[in-house]
Amino acid sequence: MTTPEEDPELPGLEDALTRARAAHKKMAAALDEDQEPESDEDLGWQPVWKRPRTPKPKAAKKLELHTQRRRLQDAGKRRLTAGESRRPRPRQSRIGNAAARRDARALSRVRHSTAWLW
């Protein structure tokens, strides 16, 4: 492997350094220029994130927040009712008295047991 000092074909480090410094000065000068357009100048089409903000009146802001709050409340109610509709009804409402509940328990024990019934 050769080093830059040994190989005469490669440009010297000093030359590369001076070119880099000149380019740096050029780039700094370009960045220092005022990049914002003048206020009387026509901007043309601008993406949303670059457009200047126009402040909303207080009434419009309140109305927007009100509609947003209503939307979120309605979504919460829908979520709650959807969750409740999927829940199974409690067993006690299906089986009225204690004796029937005992019978149901015994039947479920038999149904879920591993014993063979011949």
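Analyst: Hi! From the N terminus on, the elements of the protein chain run α-α-α-α. Helices here are DSSP runs (H or I, at least four residues; strands are E, at least two), numbered from the N terminus. This is a predicted model, where local features need pLDDT of at least 70, side-chain atom pairs count only at pLDDT 80 or more, and totals for chains, interfaces and linings use all residues. Residues are numbered from 1 along each chain as its sequence is written, and side-chain values use heavy atoms, with hydrogens and water left out.

User: Thanks! How many helices and strands are in the protein chain?

Analyst: Four helices and zero strands.

User: And what pLDDT does the protein chain average?

Analyst: The average is 78, and 69% of the residues score at least 70. pLDDT is the predictor's confidence in each residue, from 0 to 100.

User: Which element has the lowest mean pLDDT, and which the highest?

Analyst: Helix α3 (residues 91–94) has the lowest mean, 56, while α2 has the highest, 91.

User: Switching to charges: how many salt bridges does a search of the whole structure find?

Analyst: Three. The criterion is a side-chain nitrogen of Lys or Arg within 4 Å of a carboxyl oxygen of Asp or Glu. Side chains of opposite charge can pair when their charged atoms come close.

User: What does Arg19 pair with?

Analyst: Arg19 bridges to Asp15, with the closest N and O atoms 3.6 Å apart. Both residues lie in helix α1 (residues 13–32), four residues apart, about one turn of the helix.

User: What about Arg70, which residue does it bridge to?

Analyst: Arg70 pairs with Asp74, and their closest N and O atoms are 3.7 Å apart. Both sit in helix α2 (residues 58–86), four residues apart, about one turn of the helix. Arg70 is partly exposed at 39%, and so is Asp74 at 29%.

User: And where does Glu64 come in?

Analyst: The side chain of Glu64 meets that of Lys56 in a salt bridge, 2.4 Å from N to O. Glu64 is partly exposed, at 42% relative accessibility.

User: New topic: how much of the protein chain counts as buried?

Analyst: Of its 118 residues, 3%. The accessible surface comes to about 12,300 Å², with 57% belonging to carbon and sulfur atoms; areas come from the Shrake-Rupley method with a 1.4 Å probe, and for residues only the protein chains shown count as cover.

User: Is Ser108 buried or exposed?

Analyst: Ser108 is buried, with a relative accessible area of 19%. Ser108 is found in helix α4 (residues 98–112), and a polar atom of its side chain lies 3.0 Å from the backbone oxygen of Arg105.

Conventions. Buried means under 20% relative accessible area, exposed over 50%, partly exposed in between (1.4 Å probe, protein chains only). A polar contact is a pair of N or O atoms within 3.5 Å; within protein, one must be able to donate a hydrogen and the other to accept it, and residues adjacent in sequence count only if both atoms are side-chain atoms.
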